[in-house]
Number of protein chains: 4
Amino acid sequence: MREKRQKRQSGNGDFTRNRVFEVAAEVFHRKGYDNTSMSDVASAAGLTKAGLYHHISSKESLLYTVLDYGLDLTEAYVIRPLAGISDPLERLETMIDLHLRLVLEERNLEVTGLLHECRTLSASDRSRINRRKKEYVRMAAGIIADVTKKYNVKDVDPKLAAYALLGMLNWTYQWYKTSGSSTREEIVRTFQRIFLQGILGSAWVDRQANATAH
Amino acid sequence: MREKRQKRQSGNGDFTRNRVFEVAAEVFHRKGYDNTSMSDVASAAGLTKAGLYHHISSKESLLYTVLDYGLDLTEAYVIRPLAGISDPLERLETMIDLHLRLVLEERNLEVTGLLHECRTLSASDRSRINRRKKEYVRMAAGIIADVTKKYNVKDVDPKLAAYALLGMLNWTYQWYKTSGSSTREEIVRTFQRIFLQGILGSAWVDRQANATAH
Amino acid sequence: MREKRQKRQSGNGDFTRNRVFEVAAEVFHRKGYDNTSMSDVASAAGLTKAGLYHHISSKESLLYTVLDYGLDLTEAYVIRPLAGISDPLERLETMIDLHLRLVLEERNLEVTGLLHECRTLSASDRSRINRRKKEYVRMAAGIIADVTKKYNVKDVDPKLAAYALLGMLNWTYQWYKTSGSSTREEIVRTFQRIFLQGILGSAWVDRQANATAH
Amino acid sequence: MREKRQKRQSGNGDFTRNRVFEVAAEVFHRKGYDNTSMSDVASAAGLTKAGLYHHISSKESLLYTVLDYGLDLTEAYVIRPLAGISDPLERLETMIDLHLRLVLEERNLEVTGLLHECRTLSASDRSRINRRKKEYVRMAAGIIADVTKKYNVKDVDPKLAAYALLGMLNWTYQWYKTSGSSTREEIVRTFQRIFLQGILGSAWVDRQANATAH
DNA sequence: TATGAATGAGGGTTCATTCAT
DNA sequence: TATGAATGAACCCTCATTCAT
């Protein structure tokens, strides 16, 4: 998606270019966007400052690309795989799993922590990123609505619930450490349980009881 | 629109100083710490840059004070009131209420959004702030542990649950708008329900049924 | 001498004022004039910055006063006592003694090290200080001329010799330490010998031989 | 008047860098280190402030380089040439000649006047400079010791005598003017005479008598 | 592609000085 | 006398960006 970049002939051009984005994501996340200088990015990428500018046009465009790339990953790792799942509850469970997998293991944690740097973008870039962010919220709210409808839960606002869920999932970038005490699987299980039982109540309890019974 | 400078009297010193902190919290939140210049803070406080330095010693110390003050507010608005509540479930419900009240209405939203700027602080300041943040997580985990013990829930790790809760609560700074469609009360009710039913399951359902019956 | 300052009635006004000068001389010497802030001077004198300005009119005037005071000391400790000595050789010996006594013990070392800060003074202040410095060189050259004339030494330019002597004497501020290995008396004796024998040659040798013989 | 900017070629880097050091030495000497702004240095070097920082890393490091370079010059112009001279007296005479030649003509005067700015350096830089300064004093004292031993002079402390000599030589930066009344040769002759006759007494007188006789 | 050199703009901070109280 | 607060100017330094080579 997003065919902004034309094909180039030189062999490793795209290779270098992509390394720049990955490196930039990492450095932006580690030091903060404003606190990262183009020198930092350049030397982390093994380039000189002037060399860096052969691959990008400005610091801001680099941020845009990094954020956009992060959302591309979300699309590839979370949104598209969900399309194949028809049962609403299973989709929701899977979404929690995939989202955490992406954030905690695919280095996308970095991008999550950068999402609020949108502020810095130009108006048009910002609105493009925001549109994609909102799409994701809308998708989550949609899945939740399907689940509550199926299980006949009435008093849950899907949008608010989606915000609650995304808060749980994204806040992990504030505390998760690879070397910490909880594995990703534990986190996934716990969060699935809290959120699903949270919106479904006894319906979920019953389901789990059945599942275990089998 | 804040008159420029009223007649000065002795004792005004602390007044101005406190105004600086409040203004700084607001500006740091709005523009981001790194992207805020001391000129920005100064003029928002109705001072010149040099005048600002009469009240603080450095930009970094200003950030520290703002964060520390935010945590003071948390202590005053959330932690201390909870001390008077003995029933674990009621404490947890109240904590969610007070925390959201603080974040969404007492202008502490600003500080919440700044918490990850810790990075910028000196090592000693950073560790002081981190200690207080961890204490809060510990407190939340403690309350959750009390609740699960009382209701005989076995398979919830209190620390992970606390992170889930704080994610839900704090992420609000990313999406909440005073002018938005949800009132604070709705959010409180929804989040209480999702989280409490999430960890307690049928125990919570039963309790709510009873409460409604009365 | 220099009646710039009028008499004041308030009891300890002059006391404080003089302390300011002494303290300023010390601080200027220790940190360098440009590197000393008025805050430094004020707090070293036990005053606030604004309080300091009740005693002086500007930083530059403070430097002028300090330098001028140092030259007053030279007049009092070196120049005037020499007036009573009629034998040229004895005057020269005594001048070396008194000058080193002043520089090394009367805290005037500080002023000596400041003499080249003249640069900073206003044109008129600078020329006043320079006039006094030149007077001192002229006096030294005069004494040297008397000595060489008396002992019939022909090939010594008194002015150049005076510069050599003042170099020896004043450079001490670069290396002398109260706790060092040489006492002031040793320095005086060595420098007297080097300079006097240096300009007089055998005449000085003979004289010393006689002196010892008696 | 130094053309603004000639065509640039590779290799010009070191050229510009060295010009920066020379210019800085001159400006620091003329205005004093603290009183010299980086703008002053930059524009004296035909650069902008930011451009200047391509060649140096800080004002302090620039001072260090200037001082270190001055000591390099001393090594090249004074210390090394002396190594080839075996007769102690001739070495001392030559040292006076070369030192004054360096200070008065090779523009090193500037550095001499800066030596006491050491204060500003970082601890490690300062100690490196001080070590070199002490080495020079030690060398001078060594030469003096050789001379007095050869001529059987007993009562001269070589270290004190070295300080006296260096005072004479270095103080020149306070009064020497190219346009003044004394030529460098006169100064050299006078100072050689005063110092050598000063430490050797009749031994030197005799030697000079012989030299003249031939 | 890649780079060393350069720069205008702006950053945080300090300073000598003033003034109402 | 004394002071806390305030300020304009200046300082050192960094940054994103450009350009000749």
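**Notes on a predicted model: chain A and its neighbours**

1. Let's start inside chain A: nine residues of domain 1 of chain A are in contact with 14 residues of domain 2 of chain A. Keep in mind as you read that this is a predicted model.

2. Who does the touching on the domain 1 side? Helix H1 of chain A, residues 13-31, gives the most, with six residues. Sorted by class, the side of domain 1 of chain A that touches domain 2 of chain A has seven nonpolar residues, one polar and one charged.

3. To find these two domains in the viewer, look for residues 11-56 of chain A, which make up domain 1, and residues 58-213 of chain A, which make up domain 2. Taken over C-alpha atoms, the centres of the two domains of chain A are 28 Å apart.

4. Now the fold of chain A. What does its secondary structure come to? Eleven helices and zero strands. If you walk along the sequence of chain A, you simply read α-α-α-α-α-α-α-α-α-α-α.

5. Chain A has 214 residues, and 35% of them count as buried. Take the contacts in chain A with a separation of 6 or more: 67% of them are between residues 24 or more positions apart.

6. Next, the meeting of chains A and B. How many residues does each chain bring to the contact? There are 31 residues from chain B and 31 residues from chain A. On chain B, four helices each supply at least two residues of the side that touches chain A: H8 (158-170), H9 (172-175), H10 (184-200) and H11 (202-213). Of these, H10(B) deserves a click, as the largest share of the side of chain B that touches chain A comes from H10(B), with nine residues.

7. What about the classes on that side? The side of chain B that touches chain A has 15 nonpolar residues, twelve polar ones and four charged ones.

8. Finally, chain C. Where does it sit relative to the other two chains? Chain A and chain C do not touch, and their nearest C-alpha atoms are 31 Å apart. No contact joins chain B and chain C either; the closest C-alpha atoms of chains B and C lie 13 Å apart.

Methods. Residues numbered from 1 in each chain as written. Chains lettered and ligands numbered in written order. Predicted model: local features only at pLDDT ≥ 70, side-chain atom pairs only at ≥ 80, totals over all residues. Buried ≥ 20, exposed ≤ 12 C-beta atoms within 10 Å, placed from the backbone. Contact = placed C-beta atoms within 7 Å. Nonpolar A, V, L, I, M, F, W, Y, C, P; charged D, E, K, R; others polar. Domains from an automatic or database assignment.
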